[in-house]
Amino acid sequence: MSPDKSTELIHHPYHAPADFESPATGVHKASTVFFPTVAALRGRRWVDKSAYTYGLHGTPTTFTLEARLATLEGAKHVILAPSGLSALTVVNMALLGSGDTMLLPDNVYNPSKDFARHEMAQWGIGHRLYDPMRPETLRAALGPEVKLVWLEAPGSVTLEFPDIAALVGTVREAAPQATIALDNTWGAGLAFDAFDLGVDLTIHALTKYPSGGGDVLMGSIACRDDRLHEKLAWTHSRLGLGVGANDAETLLRALPSLPLRYATQDASARRVAQWATQQAPRVRRVLHPALPGSPGHDHWAATCRAAAGLLTLEFDPAVTPAQADAFVDGLRLFRIGWSWGGPVSLAVPYRAPLMRQLGSGYEGVLVRLCIGLEATDDLIADLAAGLEQL
Ligand SMILES: *Cc1c(COP(=O)(O)O)cnc(C)c1O
């Protein structure tokens, strides 16, 4: 008796020929993965990516994306997470337990501070802040209870570029038990080689430059050490985190153009930054690590070959927060919104004193600009018209 059509539609005898090759990676979708035998079901190991066991533990699509990101970052292992923020929290949960302490730079991506203040505090995990531009404050914060030290280069919004090698050296000397993690979203694996500076792991918000479209949320955790990778991978797996196949495909499609987009946005941001330095007195200071005089410029110059597409304007202290809001509201090409790395330029006003616990030298309102892929002259004209109105 031949099977019913309904059965045949599922267990169909046709198999497409092998050896199909094209520029794109296939979009493999799975929760269930088939095993040829029970012995295979019991014996397969996903954690070293030598086999497939369950959709959450990897598919050819996600393994391919992870391998390409490892190449980009100069890492051996990469784990994908559903957002940049979830990549950060997986690292914290994998490496810290009750009684441990984590250190964060005061200019860290702000939701990291929120996670430390809420969930981590609730779990009995402490945290302390240090000023990354003053390594002595990092040294003072180190002790035997410190198990994880975060670095970010440059800092969020204010874009101070720290001496990464000096910070790493300070931790290795005073707290050899601590893991050193770098949020490398700004560098995107292109501006500098994080692992050559001695960090143990990096995270990326792939949401930003690697996606490049403002349309996907994803994060990654990269490391070189096998044991550290296994620790992170098991926590990631126990938390039940995965990424969608179509999102992984979008990332795979965007990666080949990442260096081109990054270089274009870098060059455009530098031109906007140069122009902005001539907009005194309304613009008091331009924060952009490639600009001489910007905080940490020398460290940037010693470390980096590129500079992403972000800059921040510090307005004259006479400009009120309401006036800065009106400036941003009045821009036509710069849209108002979070994130960066997409085709559309974005602007967001910030108040430095509300963001920093260790003090900041910024007295004026800050407006963070993320440069998209529009023509630079049009962006400058948009900003010039806005400053006229100020
Ligand atoms: C955006 C960002 C994140 C978080 O990424 P999401 O994908 O938005 O969660 C983390 N770190 C830095 C530096 C970021 O800019």
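Which backbone lies 2.9 Å from an oxygen atom of the ligand? The residue is L85, through a backbone N or O atom. The model is predicted: local features need pLDDT of at least 70, side-chain atom pairs count only at pLDDT 80 or more, and totals for chains, interfaces and linings use all residues. Residues are numbered from 1 along each chain as its sequence is written, and side-chain values use heavy atoms, without hydrogens and water.

**Ligand contacts**
- Around the ligand stand S83, G84, L85, Y109, E152, D183, T185, A205, T207, K208, L217 and W340 (near: a heavy atom within 4 Å).
- By class, this shell holds 5 nonpolar, 4 polar and 3 charged residues. Nonpolar covers Ala, Val, Leu, Ile, Met, Phe, Trp, Tyr, Cys and Pro; charged covers Asp, Glu, Lys and Arg; the others, Gly among them, are polar.
- An N or O atom in the side chain of D183 is 2.6 Å from a nitrogen atom of the ligand.
- K208 places a polar side-chain atom 2.5 Å from an oxygen atom of the ligand.
- On its own the ligand has 380 Å² of accessible area, and the protein covers 90% of this (Shrake-Rupley method, 1.4 Å probe).

**Largest pocket**
- The ligand takes the space of the largest pocket (a molecule sits in a pocket if more than half of its atoms lie within 2 Å of the pocket's grid points).
- A pocket is an open set of points on a 1 Å grid over the protein atoms alone, with protein on both sides within 12 Å along at least five of seven lines; lining residues have an atom within 4 Å of a point.
- This pocket holds about 700 Å³ of space (a volume is the space filled by probe spheres set on the points, which are joined across faces, edges and corners).
- It has 34 lining residues, of which Y109, N110, P111, S156 and K208 are closest to its centre.
- The lining divides into 19 nonpolar, 8 polar and 7 charged residues.
- α4 (84–95), α5 (110–122), β6 (201–205) and α13 (352–355) each supply at least two lining residues. Elements are DSSP runs numbered from the N terminus: helices (H or I) of at least four residues, strands (E) of at least two.

**Cavity**
- The whole structure has 1 cavity of 30 Å³ or more (a set of points where a 1.4 Å probe fits but cannot get out).
- The volume of the largest cavity is about 40 Å³.
- L69, L72, E73, V78, H204, L206, S220 and A222 line the largest cavity.
- The cavity lining comprises 5 nonpolar, 2 polar and 1 charged.

Technical notes: Polar contact = N/O pair within 3.5 Å; in protein donor to acceptor, adjacent residues only side chain to side chain.
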